[in-house]
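Here is a short report on one protein chain. Look over the sequence and the model first, then read on.

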Amino acid sequence: MEESLIQISGVAIRLRPEFMGSVKSKLNTINGLEIHAEDMDSGRLAITLEDRDTKEMTEAIAEIEAIEGVVMVNPVYIHDETEMAKPS
């Protein structure tokens, strides 16, 4: 059986509060991303990114940083897991 590495990352996002709606809409288009908490007044989101390897995780974070209104993207934790590939 083949193994594959999966990363699960917790990420804190700071954004300008007036952009909360548009930022959330764009985040919801990213596969494997889930919003867990938000603070509308301070412009903060807590998200997880799942099912990615290191390169894809870096690309997803860069994609989030490029969203208009995002001020800071800070990975808080990264968990690596090995998954066994299912036989075909």
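In which strand does Thr48 lie? Thr48 lies in strand β3, residues 44–52.

## Basis of the model

This is a predicted model, in which local features need pLDDT of at least 70, side-chain atom pairs count only at pLDDT 80 or more, and totals for chains, interfaces and linings use all residues. Residues are numbered from 1 along each chain as its sequence is written, and side-chain values use heavy atoms, with hydrogens and water left out.

## Overall layout

The chain has two helices and four strands. Their order from the N terminus is β-α-β-β-α-β. Helices (H or I, at least four residues) and strands (E, at least two) are DSSP runs, numbered from the N terminus.

Of the 88 residues in the chain, 31% are buried. Buried means under 20% relative accessible area, exposed means over 50%, and partly exposed lies in between (1.4 Å probe, protein chains only). The chain exposes about 5700 Å², with carbon and sulfur atoms supplying 48% of it. Accessible areas come from the Shrake-Rupley method with a 1.4 Å probe; for residues, only the protein chains shown count as cover. Among contacts between residues at least 6 apart in sequence, 67% join residues at least 24 apart. Contact means heavy atoms within 4.5 Å.

## Strand β3

Thr48 is buried, at 8% relative accessible area. Its side chain makes a polar contact of 2.8 Å with that of His36. A polar contact is a pair of N or O atoms within 3.5 Å; within protein, one must be able to donate a hydrogen and the other to accept it, and residues adjacent in sequence count only if both atoms are side-chain atoms. Not counting residues up to four places away in sequence, Thr48 touches residues including Ser9, Glu34 and Tyr77.

Glu50 is also placed in β3. Glu50 is partly exposed, at 31% relative accessibility. Beyond four places in sequence, Glu50 contacts Gln7, Ile8 and Gly32. Glu50 and Glu34 are 16 residues apart in sequence, with 8.5 Å between their C-alpha atoms.

## Nonpolar core

The largest nonpolar core holds 19 residues; Ile13, Val23, Leu27, Leu45, Ile47, Leu49 and Ile64 touch the most other members. At least two residues each come from β1 (3–15), α1, β3, α2 (54–65) and β4 (70–84). Helix α2 gives the most, with four. Such a core is a set of buried Ala, Val, Leu, Ile, Met, Phe, Trp, Tyr and Cys residues joined through side-chain atoms within 4.5 Å.

In helix α1 (residues 20–27), Met20, Val23 and Leu27 are buried. Seen down the axis of α1, its buried residues fall within an arc of 70°, so they line one face of the helix. The arc is that of the directions from the helix axis to the C-beta atoms.

## Salt bridges

How many salt bridges does the structure hold? The structure holds three. A salt bridge is a side-chain nitrogen of Lys or Arg within 4 Å of a carboxyl oxygen of Asp or Glu. Glu38 and Lys24 meet at 2.6 Å, N to O. Glu38 lies in β2 (residues 33–39) and Lys24 in α1, so the pair ties together parts 14 residues apart in sequence.

Glu18 pairs with Arg16 at 3.0 Å, N to O. Glu18 is exposed at 57%, while Arg16 is partly exposed at 41%. Lys55 bridges to Glu59, with the closest N and O atoms 3.8 Å apart. These two are four residues apart in α2, about one helical turn.
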